[in-house]
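I opened the model today to look up ring contacts and strand pairing. My notes follow in the order I checked things.

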Amino acid sequence: MPVTLRDARDSPLDRDWIRTVYRGYLSDLSSSQSGVFPALDWESRESEFLASWFADSRSHPFVILQRGAPVGFALVSRPSGFSHGSPADYRLAEFFIVESARRRGVGSSAVELLFSRFAGEWEVLENESNHAALAFWRRVIASYTQGQFAETRRAGEVRHRFRTPRATLPDAG
């Protein structure tokens, strides 16, 4: 099950693929929350919102591939000073794996590739009511960092902070 990442800024097809699955991602998020996402005026702002991913120099959008076919996406961002405490170097702002590829190690493999690509202080935030996401992130981050991470809760969010020691650039696939 080879999993690779591809910079989504390099291909209009990758950007279009993300647009087609993004609503499913929001639907997944809204099912674990209080309906915040369906209340957003997504239809009129979709293009503007996703375009910001590809225009912002602090954003790194990726398509996650399994055997060369898109199965997910991730957005790594370089946060500004708005974080609680000292800002992280990187934030995993968005992460999604299509349902047919879940629970097969695809997400874990993709996360390892992302964390290894960017050295520095990371943060990953989850809604505390999204129990499946919390379990996934706790397991993956604990494994990757060998337990060297901090978890805090604030205002309905769970925040994981940790440092990646090295940056490697695995093949983009």
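Entry 1, a charge over a ring. I started with R15, which lies over the face of F54, 5.7 Å from the ring centre. I note here that the model is predicted.

Entry 2, strand pairing. I looked up strand β3, residues 69–77, and found seven of its nine residues buried. Strand β2, residues 59–66, runs antiparallel to β3, and eight bridges join them. I checked V63 and found it opposite F73 in β3. Two residues sit between the strands in this hairpin, and R67 takes a positive phi near 50° there. I then turned to strand β4, residues 90–97, which pairs with β3 over six bridges, again in the antiparallel sense. For L75, I found E94 in β4 as the bridge partner.

My search of the whole structure gave 14 aromatic pairs. I looked at F73 and F96, a tilted pair with 5.5 Å centre to centre and 35° between the planes. F73 lies in β3 and F96 in β4, so this pair ties together parts 23 residues apart in sequence. Both F73 and F96 are buried.

Next I took F115 and Y144, an edge-to-face pair at 5.3 Å centre to centre, with 65° between the planes. F115 is in helix α4 (residues 106–117) and Y144 in helix α5 (residues 131–145), so I logged a link between distant parts of the chain, 29 residues apart. Is F115 buried or exposed? F115 is buried, at 0% relative accessible area. Y144 is buried too, at 17%.

I listed one aromatic cluster formed by F62, Y90, F115, F118, W122, Y144 and F162.

Note on methods
Residues numbered from 1 in each chain as written. Predicted model: local features only at pLDDT ≥ 70, side-chain atom pairs only at ≥ 80, totals over all residues. Heavy atoms only, no water. Buried < 20%, exposed > 50% of the residue type's maximum accessible area, 1.4 Å probe, protein only. Helix = DSSP H or I, 4+ residues; strand = E, 2+ residues; numbered from the N terminus. Pairing = 2+ DSSP bridges. Phe/Tyr/Trp six-rings, centres within 6.5 Å; stacked < 30°, edge-to-face > 60°. Lys NZ or Arg CZ within 6 Å of the ring centre and 35° of its normal.
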